[in-house]
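Welcome! Here is a short briefing to read alongside the model, covering the chain interface first and the ligand site after that.

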Amino acid sequence: MPISVSHSESVNIQFEKSFSLEKVRSALDNFEGCKVIDERIDGGYSTPLEAEGKDETFISRIREDKTIKNGLNLWIVSDNLLRGAALNAVEIAETLIKNNFYGK
Amino acid sequence: MNIAIVGATGNVGRKTLEVLEKKELPFDNLYLVASSKSEGQKIIFKGKDHEVLNLENFDFSKVKIAFFAAGKKISEKFAEKAAKHCLVIDNSSFFRMDPDVPLIVPQVNSSHLDQIKKNIIANPNCSTAQLVIACKPLHDLFVIKRIVVSTYQSVSGGGKAPMDELIEQTKLVLDGKNVKSKNFTKQIAFNAIPHIDVFADDGYTKEELKMSKETKKNFR
Ligand SMILES: NC(=O)c1ccc[n+]([C@@H]2O[C@H](COP(=O)([O-])OP(=O)(O)OC[C@H]3O[C@@H](n4cnc5c(N)ncnc54)[C@H](OP(=O)(O)O)[C@@H]3O)[C@@H](O)[C@H]2O)c1
């Protein structure tokens with residue numbers, strides 16, 4: 001896309017189990033590194049420009065896919081140089097240090 | 001403890017510097033490494049000048065952790081040698097599907113970190129990383145059966161050169177001039193290209209196959 005930074009994803013998920021949108025929302029919002037921006041009004045979603053420079057992965061447009069069983073649609077946006085690269089790599093290093101390099 | 005960044009002058013390398021400036025990672029010295037082209041160039045980190053060193057003669061025994069962000073070919077050629085002396089965290093795709101290399105998003109599968117065999121840890125593809133971090137809490141609760149994903153990726157995923165070219169092309173178009181693409185298969189300004197990485201026999205591209213394989217490895 002003619003966009004400098006941040007990747008966007010339109011995602012369709014089918015689950016084994018049934019779900020509620022409320023639980024989906026709270027599970028996403030409470031997960032470290034994720035943030036829900038989903039207001040169902042004009043502009044109530046995240047865009048690549050707004051995700052640029054941010055550590056979080058943003059989840060918007062959370063809605064049920066009623067054409068399949070246990071189906072969900074999402075819009076996921078994140079700074080590709082952070083979660084997709086630099087931030088993730090540094091967080092791996094932090095995890096290693098915290099755990100004394102797992103004895104290595 | 002010392003740290004090195006290989007590819008420190010590139011998009012991912014410079015971002016890694018920014019992240020390290022913000023975080024409280026406890027290290028002593030930082031070595032910035034790139035190609036001979038950048039040797040001697042100065043980069044400021046935490047207010048201090050750091051000279052860029054040449055990868056060809058960098059001694060990895062000086063560091064405990066080396067971040068690799070210089071592309072697949074460089075990782076292929078240098079990462080295993082470096083891993084004899086230090087832990088390598090690799091941004092390229094080269095080791096991602098190696099069964100002896102954990103593929104990690106810390107919030108998702110840090111438990112795989114106790115299976116480090118080659119002293120190399122791989123960072124997933126950028127599109128995979130953001131997909132799995134959002135899918136993980138949902139998979140834990142409702143068990144994912146199938147994912148269909150379309151990605152709309154920015155040009156920085158291809159490195160600094162394509163990022164600069166988007167700006168150049170946009171200016172040319174606005175000035176009513178002709179555009180000839182260098183880093184893209186078609187004009188990228190005011191357009192959308194349905195293709196990243198090389199085509200496989202079945203019509204998919206490697207980027208698409210990477211996402212599907214890496215997601216499964218991450219969730220294993
Ligand atoms: N999933 C992820 O984590 C993710 C996301 C985005 C990118 N990446 C990967 O990260 C890597 C770097 O991407 P980028 O976007 O930062 O690319 P980039 O902006 O083109 O930067 C490339 C870097 O590699 C260095 N380099 C090139 N040839 C070299 C050589 N022969 N010896 C030593 N250093 C050399 C360059 O140094 P000079 O300036 O000296 O040429 C530069 O620092 C790629 O493997 C890319 O696929 C991964």
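How many residues does the contact take from chain B, and how many from chain A? Chain B gives 66 residues and chain A gives 57 residues. Please keep in mind that this is a predicted model. The ligand also belongs to this story, as it lies between chains A and B.

**The interface between the chains**

- Chain B and chain A together bury about 5500 Å², and 69% of that area is on carbon and sulfur atoms.
- On the chain B side, the residues that lose the most area to chain A are Gln130(B), Phe142(B) and Tyr152(B), which together make up 14% of what that side buries.
- Polar contact across the interface of chain B and chain A involves 23 residue pairs, with both residues at pLDDT 80 or more.
- Several elements of chain B each supply at least two residues of the side that touches chain A: the helices are H1, H3 (106–109), H4 (126–142) and H5 (160–174), and the strands are E5 (65–68), E6 (87–90), E7 (120–122) and E8 (144–152).
- H4(B) provides the largest share of the side of chain B that touches chain A, with 13 residues.
- Sorted by class, the side of chain B that touches chain A holds 42 nonpolar, 16 polar and eight charged residues.

**Salt bridges**

- Side chains of opposite charge can pair when their charged atoms come close.
- Over all chains, the whole structure has 14 salt bridges, and two salt bridges are found across the interface of chain B and chain A.
- Lys23(B) forms a salt bridge with Glu91(A), with the closest N and O atoms 4.0 Å apart.
- This pair crosses between chains: Lys23(B) sits in the loop between H1 and strand E2 (30–34) of chain B, while Glu91(A) is in helix H3 of chain A.

**The ligand site**

- There are 27 residues around the ligand, and the closest are Gly84(A), Thr9(B), Ser35(B), Ser38(B) and Pro124(B).
- Cys126(B) has a backbone N or O atom 3.1 Å from a nitrogen atom of the ligand.
- On its own the ligand has 920 Å² of accessible area, and the protein covers 78% of it.
- Both chains contribute elements that give two or more residues to the shell around the ligand: helix H3 (82–98) from chain A, and helices H1 (11–22) and H2 (72–82) from chain B.
- Which classes do the residues of the shell around the ligand divide into? The shell has ten nonpolar, 13 polar and four charged residues.

Terms used
Residues are numbered from 1 along each chain as its sequence is written. Chains are lettered from A and ligands numbered from 1 in the order in which they are written. This is a predicted model: local features need pLDDT of at least 70, side-chain atom pairs count only at pLDDT 80 or more; totals for chains, interfaces and linings use all residues. Side-chain values use heavy atoms; hydrogens and water are left out. A residue is near a molecule or strand if one of its heavy atoms lies within 4 Å of it. A polar contact is a pair of N or O atoms within 3.5 Å; within protein, one must be able to donate a hydrogen and the other to accept it, and residues adjacent in sequence count only if both atoms are side-chain atoms. Accessible areas come from the Shrake-Rupley method with a 1.4 Å probe; for residues, only the protein chains shown count as cover. Helices (H or I, at least four residues) and strands (E, at least two) are DSSP runs, numbered from the N terminus. Ala, Val, Leu, Ile, Met, Phe, Trp, Tyr, Cys and Pro count as nonpolar, Asp, Glu, Lys and Arg as charged, and the others, Gly among them, as polar. Contact means heavy atoms within 4.5 Å. Buried area is the accessible area (1.4 Å probe) that two parts lose on being put together, summed over both. A salt bridge is a side-chain nitrogen of Lys or Arg within 4 Å of a carboxyl oxygen of Asp or Glu.
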